Amino acid sequence: MAANTNRNSANLRLYLLGSILVLWSAGICMRLVYLQIFSYGHYAHKAEREHERTEEIAAKRGIIYDRAGRELAMSVSVDSAFAMPAMIPDLGNTVSLVARITKADPRELLARCKATRSFCWVARKADPGIADRIRSLNLRGIFFQKEPKRFYPKRDLAPQVIGYVGTDDGGLSGIEREFDDKLKGVPGSMIVQVDARNKWYASVEKQPEPGNNVVLTIDEQIQYIAERELATAIAETHAIAGTVIVENPRTGEILALANQPTFNPNASREITPEKLKDHAVSDVYEPGSTFKLVTISAALEENLTTPNEVFDCQMGSIVYNGMRIRDSKPHGLLTVTKVLADSSDVGSIKIAMRLGEDRFYKYIRAFGFGSQTGIELPGESRGLTKPVNRWSKVSIAAISMGQEIGISPIQLASLVSTIGNDGVAVPARIVASTTPPQATPKLIRFQPAAGHRVISSRTAAQMKAMMQDVVLEGTGKKAILEGYSSAGKTGTAQKVDPATGTYSRTKYVASFAGFAPINDPAIVVAVILDSAVGLHQGGQVSAPVFQRVAQQVLEYMHVPHDVDLPRDRQLLLARREAKEEDLAENSPDHLGAPLELADDPVPAPAVPATPPSAGGGSAGKAGGVVQASLREPQSDPPPASDSQVSSAGPQPAGAAGGTAKEASQPTSGTIVLDVEQGGIVVPSFIGKTVRTAVETASQSGLDLDVLGSGMGREQSPSPGTHVQTGSTVTVKFGR
């Protein structure tokens, strides 16, 4: 009986143990099924993430060439150091040693390495010296991979044009940014694996495809000449910035585009926003007297005047809507040619009044102002051009002499190129073509953009002759070349003082733009210097830069001489000599700003001189007194000769249809304009948005000088002040 009991007890234990083993085996099998079937993808991906990583291989960026096929930007193979954190016994110490060499933040680098145990960049595209120092430490778990790095063999040549790239080879400025999609190519991929023994293996999964090449229109040698002469001018004048543009007026090709200050794109850490700025396309400034080219060419094209017509410049003083504008020196009777050569603001205003607002604005837009040129560079400005319905009563006078309008240096070069190209405007271009990557050179033919006619060939020829007189007899004497004829126009414009919001009496933008030779221009050169110290007129500081650049570029291009070389070079130097005061041109006054009121107001404005016919100047006849700046000129019969003085006084009463308001024409030819009595009341701009403030100013006949953004906080003059129509109100906005 006892034996049976023991046997049953043993069987029970055996069954119990067997049941446990069966249940345990079933659990194991179920777990294996779950891991191998249901969770296989998750754990396989986790294991792959721990032991395998796919890294992008940067593609070799395309080469940037100049017009002669010389390399301006290229990619070279350099070492990049990476870490395999799973293989590093002391990760913190290793990272600290590397960071000390690369000048990186060790905490940030350590955090990146801890985020993954398979792969982490520690010195991307390192300089050879840095890579050698890291390699010499023989650190465990630190390896090297070849990668392309951008290199600029000409260092600081045309850096604002070429631009530069970041660590990831993405274009950040210039052509590198504008053509990034074409230059960067298609990246490849590399698989990095680590086995259980912490050994790593790498294999290329996809080869990278190199990017396309870009061929520029600039010439390395011409660019070097422009930059060297600009740097010399900056050193001599202590200007804060400057630009030199050399353009082919026939095709629109930019042969050189130099900026100061400059930088070396190879040293990206030293680049500052001031150095990075491309002043040639992004700066907007009042052009000053260079804009008289638009005023006079428009009047010539409309047959409203001739180069030999004489205007009375009233000894350099004119009153316009209660504001007195004075020339830099007194001028009496001047032909239109001399108005341009001596840069008379009074003469320019009279010509513009004859032209009228609508026609003037039509030519402003036709010459490209208010629109981008389309040059292939980022950040191009359209300038500041107001439509006629936003012009104040003094706008036509101000714009005629280059005030109350903003242009960029590239627009100035395009203006002069249009005149040099017989009146046809061809858009400026700086990229000749893009080409696929290849080992052998390829011939590129530049295709100019379609041009459009702005002025006739006849008007362009007249302007060329008048611009030559600027150089030979006017404010541009320092632009006379040796063996070549040259033509151009000087300009000097006041800058706005940020501290006061008014026009500065000490800060100016000096410019000169011209072309050579005259009959068949090979180049246009525009020179702009910002805030020169001491001598600051365009004819004093910018014209000499034009002379040096144009002389060297023409010789480099082997352009045939069109002027006999002087037997005695001293004679040439003597022709360039001029008293500095004779080169002065900018008016001490500024329309739109508070200026002195006229001393002798009269009740009625006068009619501008009537347009001459093909045969000559103008003569008065019966006619009513009309608003000079707002009405079309009265049509009069042609006079006897071109040399007759244009009358700007009231027209004489006629035999029939005369009114009591009509008066006999004075013989002095003086323009007398009515002075508004009492002015207008300045509204309050405090608390208004910029858009609302601009609309309010326009409705009130005032110009608004906007400083900042947000809501209006301060204004000058204060609300309630009486000012003349067209005055400028400075409003500071803030948030």
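Predicted model: local features only at pLDDT ≥ 70, side-chain atom pairs only at ≥ 80, totals over all residues.
Colleague: Why does L17 count as partly exposed?

Modeller: Its relative accessibility is 48%. Exposed would need over 50% and buried under 20%, so L17 falls in between and counts as partly exposed.

Colleague: On to helix α3. How do you know what reach to expect from its first C-alpha to its last?

Modeller: Helix α3 runs over residues 91-102 and has 12 residues. At 1.5 Å a residue the expected value is 16 Å, and α3 reaches 16 Å.

Colleague: Which residues of α3 are buried, and why are they said to line one face?

Modeller: The buried ones are L91, T94, V95, V98, A99, I101 and T102. Looking down the axis of α3, these buried residues fall within an arc of 160°, so they line one face of the helix. As background, an α-helix has 3.6 residues a turn, so residues three or four places apart point the same way.

Colleague: What do those buried residues pack against?

Modeller: They pack against α4 (106-114), β4 (120-123), α5 (128-136) and β5 (142-151).

Colleague: Now the charges. Why is the pair K184 and D181 called a salt bridge?

Modeller: The closest N and O atoms of K184 and D181 are 3.7 Å apart. The cut-off is within 4 Å, so the pair qualifies. D181 is exposed at 64% relative accessible area, while K184 is partly exposed at 38%.

Colleague: What does the salt bridge between D422 and R250 tie together?

Modeller: The side chains of D422 and R250 meet at 3.5 Å, N to O. D422 lies in the loop between α17 and β15, and R250 in the loop between β9 and β10, so the pair ties together parts that are 172 residues apart in sequence.

Colleague: D422 also forms a salt bridge with K464. Is K464 buried or exposed?

Modeller: K464 has a relative accessible area of 7%; buried means under 20%, so K464 is buried. The closest N and O atoms of D422 and K464 are 2.9 Å apart.

Colleague: And how many salt bridges does the structure hold?

Modeller: There are 31 salt bridges.

How values were computed: Residues numbered from 1 in each chain as written. Heavy atoms only, no water. Buried < 20%, exposed > 50% of the residue type's maximum accessible area, 1.4 Å probe, protein only. Helix = DSSP H or I, 4+ residues; strand = E, 2+ residues; numbered from the N terminus. Expected span 1.5 Å × (residues − 1). Arc of directions from axis to C-beta. Contact = heavy atoms within 4.5 Å.
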